[in-house]
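Open your viewer, keep the selection tool handy, and follow along from stop to stop. Each stop says what to pick and what you will find there.

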Amino acid sequence: MKIFADLLHSLLYAPQRLVKQAYLVEFIKNTPDPDRGYALSALTGELSIQGVKAGLIRKIAYQKCDPVLFDLSYDFVGDLAETTALIWPNTTRQVSGIRISDIISKLKTANRIDAGTLVQEWLDQLPESQRWALLKLLTGGLRVGVSARMVRLALAQSYQIDVNEIEQIWPLIEPPYLELFNWLDGKADKPDAAGRAVFRPMMLAHPLLESEIAEMDFASFQAEWKWDGARIQLVSGSDGVRIFSRSGDDISGTFPEIAKPLSWHGVIDGELLAGNPNKIGSFQQLQLRLNRKKPSVKMISETPVFMRVYDILFDNNIDVREHPLEYRREVLEAQMKTGLKTCYLDLSPILADASLANLQTWRQQCRAGGLIEGVMLKNKTSSYQAGRIKGSWFKWKRDPLTADLVILYAQRGHGKRSSFFSDFTLGAWGEGSEYDAQTLLPVAKAYSGFTDDELKKLDKFVRENIIQKFGPVREVEKTLVVEIAFDSVQYSKRHKSGIATRFPRFKAIRWDKPARDANSISDLIAMIDI
Amino acid sequence: MIDTSWLKISKSGLYIVPAKAHIDPVRSVNTAIITHGHADHARAGHKHVIATPQTLEIMAVRYGANFAEQKTAVKYNQKIQLAGVNLTLIPAGHVLGSAQIAMEYADTKIIAAGDYKRKSDPTCAPFQVEKCDVFITEATFGLPVFSHPTPEAEIQKLLEVQQLFPERSVIIGAYSLGKAQRIIALLRAAGYEDTIFIHGAMKKLCELYVSFGIELGSLQTTPIGRIDNQQISLANKFILAPPSAMGTKWAQRLCDPLVVSASGWMQVRQRAKQGGVELPLVISDHADWNDILRTIKEVEASEVWVTHGREDAIIHACTQMGLAAKALSLIGYEDESE
């Protein structure tokens, strides 16, 4: 655990990416299996330890110290693992040599109550830095500025191979990645994906910038709607059909009506939408399904989903990713009429005459209907590669909606923002709601879109204008107006105001504008998509 | 029965009614009793200032020799009277000259501790425990997550990184008053004898410390804008600078600087990270959680008032100990920096 704690400490304070990568390479070279694999999986976010969740950590912390003091500390520190590690008293029973692999194997066989006892025992035996590392390992979310990609780059660098080889193998392996290390160390063959229903890294789009529009040769791009659903990958193999989310999580259980065996084997890419191809449901309906790990029969029939397909990666086990998009589209269209012909799969249409003028119009028109976020532009010659590839795929979203809202409440952020009031609840005037026109009703929670400098000013405003405290929440004087951008407005029974905004973020702080001139609920209702 | 009606909270801060005097007032007043020289406690513009000789000298360095019409220097543990109120200044262990203000009136003894600490510090007189009826404490680090290690152990980390990166200059962000001199003294105590470089803003205060008999060894000012490898190589050297100078051109001139910050906040990792710190040192001039509670017990006060910081937690802990406690919610004292 000490080596891992030292690694986390070094990564956290290393100022540059390259330095972080160098620390990782050192760690990979000098740490035995399976500890190194488990440690790396904690960094990539793939390590999942059953039975030890935030709730359990909080429970054992409450047993060890005064709950009121723990909550006040947590509110200040902004991180459960760190708060617990710091507040836990040092004992004289400290031992060295506790290994990550011991911890994981003991927890694997423990039930929930035993797990709590084990964790307590370890916390008593470790010094603060290792308590922190242990709790980070157990709860995930390490926040040391390392991405999964950086881990793979470090692996490639450690063994002097191309990172793409690691990327290809990655979906096949599981923590502690023994298959990978055995191959890298020359002790086993390279793991093989052929025929197995595993996730393949997805190709992603860059946002199209205003400055790039003039340079775009629209004729060489295939245009499609950008559907407002959830990106998924359907993989059909000899071992069945599996559905993966954008991040590679297996969500087959959530959508059993789509994860049904197919005679065709391969991999397709598309958007999961609520409803059926003839009548698409709202994103809110889709969310009902996304939130359910195992939907009831009733839920499946009441809120059906389908997949709108737009790309193909493997066709009958032949890798077509290196072929240009035009070719893949032909293959996909042919299969949609044969091997992929089912009621829950349909083809995302190509928009004809995708000239600049047409694209501009479509982009703005797509607000009516509400289920389309904008247009996608995909280079017809592009191969299917993992990640965001320059010049290949672009997303061109419709312009966001905006409203002037008043800051009502503020809360400290988490992680590196824990010392700033950075999470804001914003309100609109009550006119148009069932409440008084003179009251401000919460309609959005926003915590992004401002610069570091603006954040400092917002933080100062909050500190100087607190009128009440509710636990970690501070109510402030209703004087500051901010212009908020958001993707859409929807009716919502769950909110007092009767409406909810989607992905609200700061656009500008209107220090000059009086609160009286902020927007009302009726202004926002007028923006709801038809 | 204790009577505290003679000590009030005004907009300017704590106010001793019969003596017509404020403690660390945040606005200009006629009579100010100053606990210590940090800028948020010792402001300019008061007519009459009462403080320890060291604090008066610090204020003169900061605001010029004529910073007040009248100055009354009161040595530690020397008793004075102000309109029937008995006053004593007692060492607080925070920085050079820092004092707790002990007040006796109407058969009640109140101590306003100002900022204080209990950990060792070779640059100032150690905190003196004095029994009282009401103890007024700060709560800058008033949460159980704050448990400051010994400063000697933290200083070892500095010497380790210097050996680990001989080609880099080690730049330490530290307050010009107190923290900087304490780090220098700690380095000296750890056997480091080489010249230590200081930012120009610290020069006069370091000289003042030396004039009060505190050994700081060989110091050299690093002139702004004149650091380059031809003139003086600062690789493998320690350079002290106020936190405000860390992000400026002054710091960029140093070759591959390793940024160190020394403060009690460094214990919270993400906070340290936020400041772009590569080596956080937990060295604080304030009492940590255990030391605040220990002090409250030792002074045997029946009532505790909390001035600024994390008052909720301290008040909760006092209530658990059976003590009456309340927050004064004084504003104007910086609680986020040291």
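Buried area is the accessible area, taken with a 1.4 Å probe, that two parts lose on being put together, summed over both. Keep that in mind for the stops below, and remember throughout that this is a predicted model.

**Stop 1: where the two chains meet**

Colour chain A and chain B separately and go to the place where they touch. How much area is buried between chain B and chain A? The figure is about 2,400 Å², and carbon and sulfur atoms give 58% of it. To display the contact, select 24 residues on chain B and 29 on chain A.

The interface of chain B and chain A has two salt bridges in total, along with four residue pairs in polar contact, counting pairs with both residues at pLDDT 80 or more.

**Stop 2**

Where they touch, domain 1 of chain B brings 20 residues and domain 2 of chain B brings 17.

About 1,600 Å² is buried between domain 1 and domain 2 of chain B, with 76% of that on carbon and sulfur atoms.

If you colour by residue class, the side of domain 1 of chain B that touches domain 2 of chain B shows eight nonpolar, six polar and six charged residues.

**Stop 3: inside chain A**

Bring chain A back and select 203-397 as domain 1 and 401-525 as domain 2. Taken over C-alpha atoms, the centres of these two domains of chain A are 34 Å apart. Six residues of domain 1 of chain A are in contact with five of domain 2 of chain A. The two domains of chain A bury about 500 Å² between them, 29% of it on carbon and sulfur atoms.

Pick A:Lys397 and A:Asp487 next: they form a salt bridge, with the closest N and O atoms 3.9 Å apart. Two salt bridges are found across the interface of domain 1 and domain 2 of chain A. The side of domain 1 of chain A that touches domain 2 of chain A consists of one nonpolar, one polar and four charged residues.

**Stop 4: salt bridges across the structure**

Side chains of opposite charge can pair when their charged atoms come close. Over all chains, the whole structure holds 52 salt bridges.

Select A:Arg242 and A:Asp250, which meet in a salt bridge at 2.8 Å, N to O. A:Arg242 is partly exposed, at 29% relative accessible area, and A:Asp250 is partly exposed at 38%.

Then move to A:Lys478 and A:Glu475, where the salt bridge is 2.8 Å from N to O. Are these two residues buried or partly exposed? A:Lys478 is partly exposed, with a relative accessible area of 27%, whereas A:Glu475 counts as buried at 12%.

**Stop 5: the cysteines**

How many disulfides are there over all chains? The count is zero. A:Cys65 counts as buried, at 18% relative accessibility.

Finish on B:Cys132. This residue is in no disulfide, and the nearest cysteine sulfur, that of B:Cys318, is 12 Å away. B:Cys132 is buried as well, with a relative accessible area of 6%.

Conventions:
Residues are numbered from 1 along each chain as its sequence is written. Chains are lettered from A and ligands numbered from 1 in the order in which they are written. This is a predicted model: local features need pLDDT of at least 70, side-chain atom pairs count only at pLDDT 80 or more; totals for chains, interfaces and linings use all residues. Side-chain values use heavy atoms; hydrogens and water are left out. Contact means heavy atoms within 4.5 Å. Ala, Val, Leu, Ile, Met, Phe, Trp, Tyr, Cys and Pro count as nonpolar, Asp, Glu, Lys and Arg as charged, and the others, Gly among them, as polar. A disulfide is a pair of cysteine sulfur atoms within 2.5 Å. Buried means under 20% relative accessible area, exposed over 50%, partly exposed in between (1.4 Å probe, protein chains only). A salt bridge is a side-chain nitrogen of Lys or Arg within 4 Å of a carboxyl oxygen of Asp or Glu. A polar contact is a pair of N or O atoms within 3.5 Å; within protein, one must be able to donate a hydrogen and the other to accept it, and residues adjacent in sequence count only if both atoms are side-chain atoms. Domain bounds come from an automatic or database domain assignment.
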